[in-house]
Amino acid sequence: MSRFKDKMIVVTGGASGIGEATTRALVGEGARVVVADLQEERGAALCDELGDSVLFHRTDVMQESDIAAAVDLAVQSFGGLHGMVNNAGIVGAIGSITQTSAEAYDRTMAILCRGVFLGMKHAARVMVEQGSGAIVSLASSAGVMGGLGPHVYTMAKHGVVGLTKSAAAELAGQGVRVNAVAPGGTVTPMTSALGDGNLDAVSEMIAADNPLGRACMPEDIASGILFLLSDDAAQITGHTLVIDAGITTGGQPAAFHSQEAATLLHAGQRTDG
Ligand SMILES: NC(=O)c1ccc[n+]([C@@H]2O[C@H](COP(=O)([O-])OP(=O)(O)OC[C@H]3O[C@@H](n4cnc5c(N)ncnc54)[C@H](O)[C@@H]3O)[C@@H](O)[C@H]2O)c1
């Protein structure tokens, strides 16, 4: 497939995990990518490996001038901006709400919400002028349900879902689609701490909790991101695509599905009107 032949895309946090898998998949389908990330060494290694299709721009998504420059680099170098992937993220503030400091809250929100807001703003600046473009931001299963992440992370990811709908409504008439992807637990450097750096252990831990029985891999999430960026999703905007191996189904409480339970439940139902 070459859905992205000569398309120009910026991927924030594109040097690691889901962002790196997205960068690789986009280049594999013909795109040119500006990787906008803090990690200079990993960015340089990716450029060496993938060649002229990738440029690295050292970017802190909390800084408006950095995001603006990454977008401008794509336009100047490649001649336009077809896609923006607001992916950079951290887990951020962890712990009980009573123990969470305002400073940790501010930093978490600055990366996960301000960063996405700035990415949308500067992508829209170029895309509205062009009359076309697609923006995809990373939410999380923790952005559509409580109890799946730390408090501030959960709040921030719900914010990404909200801004996605709001910006989609404004930009729909100007040829720009705005969507989000909400991954469940995915095996990346972000989650590797859960298994003390052992990715197999992380994979097993995530798989144990999820209905499909396999942990999401970065490529699983990248394929959803590419779908929403592509013309295959031409009629989709304001949507959050959950890719979580079924975690947000709430699982299948055996009590409702066994034959024994069905018999008991039927027996308890009134049949006399
Ligand atoms: N891994 C998961 O289980 C999971 C689940 C749901 C959502 N997500 C979301 O997916 C996105 C990618 O996560 P990942 O798991 O690939 O993590 P990762 O740690 O592998 O990659 C995140 C990237 O973001 C970059 N980054 C962090 N802060 C930045 C900043 N201020 N400016 C620029 N770049 C910055 C990092 O350098 C890194 O390259 C995040 O938004 C995350 O919240 C991940």
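In which helix does P218 lie?

Modeller: This is a predicted model, in which local features need pLDDT of at least 70 and side-chain atom pairs count only at pLDDT 80 or more, while totals for chains, interfaces and linings use all residues. Residues are numbered from 1 along each chain as its sequence is written.

P218 lies in helix α7, which covers residues 218–229; helices here are DSSP runs of H or I with at least four residues, strands are runs of E with at least two, and both are numbered from the N terminus. P218 counts as buried because 21 other C-beta atoms lie within 10 Å, where buried means 20 or more such atoms within 10 Å of the residue's own, exposed means 12 or fewer, partly exposed lies in between, and C-beta atoms are placed from the backbone. Leaving aside residues up to four places away in sequence, P218 touches G17, I18, E20, A21, T186 and T188, a contact being two C-beta atoms, placed from the backbone, within 7 Å. G185 is 33 residues from P218 in sequence, and their C-alpha atoms are 10.0 Å apart in space.

Turning to the whole, the chain has 9 helices and 7 strands, and of its 273 residues 43% count as buried. Among contacts between residues at least 6 apart in sequence, 67% join residues at least 24 apart. Along its principal axes, the C-alpha trace spans about 70 × 45 × 40 Å.
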